[in-house]
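My entries follow in the order I looked things up.

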Amino acid sequence: MDVSVIRRKLDLLVRLIDTTTGAEIEERNVRFFKDHQPVRPVYRGNGNYVFLNCKREDGFLDIMVHGFDPCRVKVEYEKLDSQMPAAEAFLIPSESAAGPLPLITFQGKLPGVERVQAVSLGQAYCCISEFDERKRVMKLFKTHRSGMDHIYYGLIHPDRQDFEPFAVEKEISGTSVKISQPLKEAFAVNSPIARIVFGRVTPEGDYVLRVRDDGTRLLYLVRYVVEGKVNFRTVDFHRLEEKGRGLWCSL
């Protein structure tokens with residue numbers, strides 16, 4: 001009797017994440033498009049979708065999820081793990097999406113804007129204790145939160161009112177993590193660390209950053225890149241109308 005062997009190769013894992021909460025997106029009304037053609041990955045639970053036997057080609061993946069703004073992810077395989085190529089898609093909830101907490105939008109137009117992201121100045125996950133540059137190990141002072149269960153964080157420098165983004169590679173213990181790249185900037189012991197909220201930009205210079213109204217104090221430190229130059233600005237999402245430029249204020 002002949003035996004048929006079916007081999008399946010994992011070509012891409014995509015994680016769908018709600019950027020306002022950092023939680024996986026469980027919504028199942030999801031569509032994927034590559035080069036404007038629909039593609040059908042396999043759902044693996046917890047917001048994870050896998051592409052099998054579809055060739056590892058660089059390009060853009062457009063994602064449509066009910067209750068969220070459209071999202072485009074750039075896939076570059078040389079930047080991904082060859083054994084487990086994974087990409088995170090940080091989706092922004094639509095303003096019309098029903099949810100337990102209202103949404104507040106910061107948007108505008110800024111020619112040349114390439115990236116926009118932010119960290120909360122009132123919701124630190126932990127604080128830095130020390131950093132081993134050779135081992136890329138960061139030791140932490142823990143706060144009331146249980147752990148760093150996300151990937152992308154910002155190390156805030158309160159004296160300079162800026163932050164350095166970093167990615168967690170793995171959690172070593174309850175008070176230490178290994179990060180993907182060495183820190184480049186000097187820091188003070190006990191500087192706070194907060195999860196990054198990702199915004200969206202367009203080639204035309206439009207930007208959108210949206211957060212959930214989950215506290216009495218919604219003070220965020222916004223990091224935005226314009227033509228390669230990194231800038232920072234403190235934004236109070238509860239006081240956007242006080243800027244004198246209507247509901248939305250500009251960077």
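**Rings and charges**

I found R72 over the face of F60, 5.0 Å from the ring centre. The rule I used puts a charge over a ring if NZ of Lys or CZ of Arg is within 6 Å of the ring centre and within 35 degrees of the ring normal.

I note that this is a predicted model, where local features need pLDDT of at least 70, side-chain atom pairs count only at pLDDT 80 or more, and totals for chains, interfaces and linings use all residues. Residues are numbered from 1 along each chain as its sequence is written, and side-chain values use heavy atoms, with hydrogens and water left out.

I then listed aromatic pairs and got 12. Rings of Phe, Tyr and Trp (its six-membered ring) pair if their centres lie within 6.5 Å; planes under 30 degrees apart are stacked, over 60 edge-to-face, and the rest tilted.

I looked up F32 and F51, which pair edge-to-face at 5.7 Å centre to centre with 85° between the planes. F32 sits in strand β2 (residues 30-34) and F51 in strand β5 (residues 48-52), 19 residues apart, and the pair links these distant parts of the chain. Strands here are DSSP runs (E, at least two residues), numbered from the N terminus. F32 is buried at 3% relative accessible area, and F51 is buried at 7%. Buried means under 20%, exposed over 50% and partly exposed in between (1.4 Å probe, protein chains only). F32 and F51 also belong to one aromatic cluster with Y43 and Y49.

I checked Y125 and Y153 too; they are edge-to-face, with 5.5 Å between centres and 80° between planes. Y125 is in the loop between β10 (113-120) and β11 (126-132) and Y153 is in strand β13 (residues 152-157), so this pair ties together parts 28 residues apart in sequence. Y125 counts as buried at 11% relative accessibility, as does Y153 at 0%.

**Cysteines**

I counted zero disulfides, taking a disulfide as a pair of cysteine sulfur atoms within 2.5 Å. C126 is in none, and its nearest cysteine sulfur, that of C127, is 6.7 Å away. C126 is buried at 0% relative accessibility; C127 is buried at 14%.

**Second largest pocket**

I put its space at about 270 Å³. A pocket is an open set of points on a 1 Å grid over the protein atoms alone, where a 1.4 Å probe fits, with protein on both sides within 12 Å along at least five of seven lines; lining residues have an atom within 4 Å of a point. Points are joined across faces, edges and corners, and the volume is the space filled by probe spheres set on them.

I found 17 lining residues, with K34, V39, F51, C54 and K55 nearest the pocket centre. β5 and β6 (59-65) each supply at least two of the lining residues. By class I have 12 nonpolar, one polar and four charged. Ala, Val, Leu, Ile, Met, Phe, Trp, Tyr, Cys and Pro count as nonpolar, Asp, Glu, Lys and Arg as charged, and the others, Gly among them, as polar.

**Loop residues**

Most residues other than glycine have a negative phi. I noted R136 with a positive phi near 60°, in the loop between β11 and β12 (137-142). N190 also has a positive phi, about 80°. N190 lies in the loop between β15 (176-179) and β16 (192-198) and is partly exposed at 46%.

Last I looked at E78, in the loop between β7 (71-75) and β8 (86-91). E78 is exposed, at 71% relative accessible area.

Terms used. Helices (H or I, at least four residues) and strands (E, at least two) are DSSP runs, numbered from the N terminus.
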